[in-house]
Amino acid sequence: MYKIKSAFGTPILVKDWPDSKEFNARLTEIILEKETSTPAAKRSNIGSWDSQKDFLEWPHKEIATLKQRIVAVTREMTMKVTRGKYSPASQDMFAHAWANVSRADSYRKIHNHESCTWSGVYYVRSRLSQEKSKSSGIIEFLDPRMLCITTELPNSNFGGRVRVMPRGGRMVLFPNWLLHYVNPVEDNSLRICVAFNVKLETNTVKRRSDSMLSLGDVKFSEDRVVDSD
Ligand SMILES: [Fe+2]
């Protein structure tokens, strides 16, 4: 009898929010209007427009709905990876977001996100034709087990890529450290999305063993350590 455990899995959540047509149409208007009045921020985006990371502070009621969706997927993902041990409250979450508008020939270089807990994207509008290429405008995640690429084993999933098709109303959530990129948009479609980062910060998470003590009160010697043979 053999038992083979699957280890070091990496969660990627994909959630298609229903009834998003009007919501997305309104967000499209809001973001395109902002694009005309604000210079593009420079990040990993090539040929596309990124807003500042102040999207969640924009004064529109649709932003509140997007925040609710971010909270919901963050709770779901966190519950999943902690095997139900931690269900974060919205008060535990800190987030920022930025909008992106992509047209023909734009893409996003390989990158991961800044130090936080989860990163994600919500697709507001995406009607890729994929006539020229099946990968047009698709987000791809790389296997984080970097040494896998040296494995010579055809048909295994070592060193593979995971592709997620952008679709209006779809939200994707993944660990902030997971490398990803967006293939060039090879048609004249308009792709709009909102990217975000979430940091969980709470005293309710038990981060250390009961046997550990705080070293905060320890008086330490100023004597310098001298190397000995
Ligand atoms: Fe990203």
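**Loops, exposure and strands**

Author: Asn-155 is found in the loop between β7 and β8. Helices (H or I, at least four residues) and strands (E, at least two) are DSSP runs, numbered from the N terminus. This is a predicted model, in which local features need pLDDT of at least 70 and side-chain atom pairs count only at pLDDT 80 or more, while totals for chains, interfaces and linings use all residues. Residues are numbered from 1 along each chain as its sequence is written.

Reader: Is Asn-155 buried or exposed?

Author: A residue is buried if 20 or more other C-beta atoms lie within 10 Å of its own, exposed if 12 or fewer, and partly exposed in between; the C-beta atoms are placed from the backbone. Asn-155 has 5 other C-beta atoms within 10 Å, so it is exposed. Its phi is near 75 degrees, a positive value in a residue other than glycine.

Reader: What is the phi of Arg-83, and where does Arg-83 lie?

Author: Arg-83 is not a glycine, yet it has a positive phi of about 50 degrees. It lies in the loop between α2 (61-81) and β4 (93-102). Arg-83 counts as exposed because it has 7 C-beta neighbours inside 10 Å.

Reader: Where does Asn-157 lie, and how many other C-beta atoms are within 10 Å of it?

Author: Asn-157 lies in the loop between β7 (139-142) and β8. With 12 other C-beta atoms within 10 Å, Asn-157 is exposed. From C-alpha to C-alpha, Asn-157 and Asp-143 are 8.8 Å apart in space, and they are 14 residues apart in sequence.

Reader: Now the strands. In what order do the five strands of the open sheet stand?

Author: Two strands pair if DSSP finds at least two bridges between them. The five strands form an open sheet in the order β2-β5-β10-β7-β8, with antiparallel pairing. β2 (45-46) and β8 (161-164) are at the edges and have a single partner strand each, so one side of each is left without a neighbour in the sheet.

Reader: How many bridges pair β5 with β10?

Author: Two bridges pair strand β5 (residues 107-111) with strand β10 (residues 180-182) in the antiparallel sense. Arg-108 stands opposite Val-182 in β10.

Reader: Which residues of β9 stand opposite Leu-13 and Trp-118?

Author: Leu-13 stands opposite Leu-173 in β9, and Trp-118 stands opposite Pro-175 in β9. Strand β1 (residues 13-16) pairs with strand β9 (residues 170-175) over four bridges, in the antiparallel sense. Strand β6 (residues 118-125) is joined to β9 by five bridges, and the two run antiparallel.
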